[in-house]
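Colleague: Could you take me through this structure? I should like to begin with a pocket and then move on to other topics.

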Amino acid sequence: MSRADLFVCPFLKPTNYKANLMDYKFSKDYQKLFWIIPPLLAFCCFINTLGFDFVYDDLFHVSKAAPTLEDWSLANLKLLFISDFWTFLTKHLSEAERSDSTYYRPILSLVLMVNYLYAGLSPWKWHLTSILLHVLSTGLAYQVVLASLRQINIFKTENQLNWLALISASIFAVHPVQTESVAWVSAYANALLAILIFTSLLAYLKARTSHNNKSFIVWLLISVAFYGLALFTKEVAMLLALILFCYEILLFDKELSWPKRLAKDLMMGLPFFLVTTGYFVLRIKILGTISPKVLPLDFPETTLMSHSTDIF
């Protein structure tokens, strides 16, 4: 063993001389701090966006939407829930600048109004919100990976679980695919959506591992509530239902026969199905259809798509 091999941090103990990364064991106190690393990476990676300005849709979502965002009257709040996303934000603009959309996102509109209370028309404050949302979603990503791996029961030690969660969440934090969601104010709905979906998933896993009916019901209701919030934030949240179905099929109740497992899975999915159905009913009532035909000025060719493609 060389002199270099003896230089190891006092809290880092290799299980053997040729140990790989995940074989190094930190004390439990240090492992509890693993979750802090990915959020710190996320913050450091995107802190340069604080100097960015408003661009493109930001002008309509923030700058030109200021009269709408600062109006907390009951009439305006009512309009928030009975209008599509773009109609609500552009209602104060001239007829030439007003726009309709296929997006029914009242929770996102409400978040914009809340953020306006603090950020006003200051670009750096809006970008700070984007960074902090991504930081929070990264911390939750770590917890989701950790909670999911614990259900698999194929890893020998908690140390391995913590390392895998650390690596996964770190990739999530700094992957280039996150650039638009963090650097562009109008796209921070993605980070907000991730927070709601991850929270819903964590609550669901808590429910499935609960040992009494009371805690099971409480955690399941929390999961369904956050799913509902996610659904009214961005439509793609519906994929959570598919994710939960995969969790049920792949992780839980493997000792049961397939008919019993499917029956239990359908029962677990019933609350999410009811919320999704309620969303579609409300969406159709507000917008007139599942996917209304609007003229997107930037992509007019989308009006040629079939109805089935619109729904997809």
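**Pocket, core and charged pairs**

Modeller: By class, the lining of the second largest pocket comprises twelve nonpolar, two polar and two charged residues. Please keep in mind that the model is predicted.

Colleague: How much space lies in the second largest pocket?

Modeller: The second largest pocket holds about 330 Å³ of space.

Colleague: And which residues lie nearest its centre?

Modeller: Of the 16 residues that line the second largest pocket, A241, L242, F245, G269 and F272 lie nearest its centre.

Colleague: Which helix gives the largest share of that lining?

Modeller: Helix 14 does, with eight residues. Helix 13 and helix 14 each contribute at least two residues to the lining of this pocket.

Colleague: On to the core. Which residues have the most contacts inside the largest nonpolar core?

Modeller: They are L69, L89, L112, W126 and F272, in a core of 54 residues. Two or more residues each come from helix 4 (66–69), helix 6, helix 7, helix 8 (123–150), helix 11, helix 12, helix 13 and helix 14. Helix 11 gives the most to this core, namely 14 residues.

Colleague: Changing topic: how many salt bridges does the structure hold?

Modeller: There are three salt bridges in the structure. In one of them, the side chains of E235 and R105 meet at 2.9 Å, N to O. That pair links distant parts of the chain, 130 residues apart: E235 is in the loop between helix 12 (213–231) and helix 13 (239–251), and R105 is in the loop between helix 6 (85–89) and helix 7 (106–119).

Colleague: Are E235 and R105 buried or exposed?

Modeller: E235 has 16% relative accessibility, so the residue counts as buried, the cut-off being under 20%. R105 is also buried, with a relative accessible area of 10%.

Colleague: What else does E235 pair with?

Modeller: E235 forms a salt bridge with R283 too, with the closest N and O atoms 3.6 Å apart. R283 belongs to helix 14 (residues 258–287), and the two partners are 48 residues apart. R283 is buried as well, at a relative accessible area of 6%. Through shared partners, salt bridges join R105, E235 and R283 into one network.

Colleague: And what is the partner of E248?

Modeller: E248 pairs with R208, the closest N and O atoms being 2.7 Å apart.

Colleague: Now helix 9. What span should its 17 residues have, and how far apart are its end C-alpha atoms?

Modeller: At 1.5 Å a residue, helix 9 (residues 158–174) should span 24 Å, and its end C-alpha atoms are 25 Å apart, which agrees. The buried residues of helix 9 include N159, Q160, W163, L166 and A173.

Colleague: One last point: what is the phi of Y56, and where is the residue placed?

Modeller: Phi of Y56 is near 50 degrees, a positive value in a residue other than glycine. Y56 is in the loop between helix 2 (37–46) and helix 3 (58–63), and is partly exposed, with a relative accessible area of 46%.

Key
Residues numbered from 1 in each chain as written. Predicted model: local features only at pLDDT ≥ 70, side-chain atom pairs only at ≥ 80, totals over all residues. Heavy atoms only, no water. Helix = DSSP H or I, 4+ residues; strand = E, 2+ residues; numbered from the N terminus. Buried < 20%, exposed > 50% of the residue type's maximum accessible area, 1.4 Å probe, protein only. Expected span 1.5 Å × (residues − 1). Salt bridge = Lys/Arg side-chain N within 4 Å of Asp/Glu carboxyl O. 1 Å grid on protein atoms, 1.4 Å probe; cavity = no way out; pocket = protein on both sides within 12 Å on 5 of 7 lines; lining within 4 Å. Points joined across faces, edges and corners; volume = space filled by probe spheres on them. Nonpolar A, V, L, I, M, F, W, Y, C, P; charged D, E, K, R; others polar. Core = buried A, V, L, I, M, F, W, Y, C linked by side-chain atoms within 4.5 Å.
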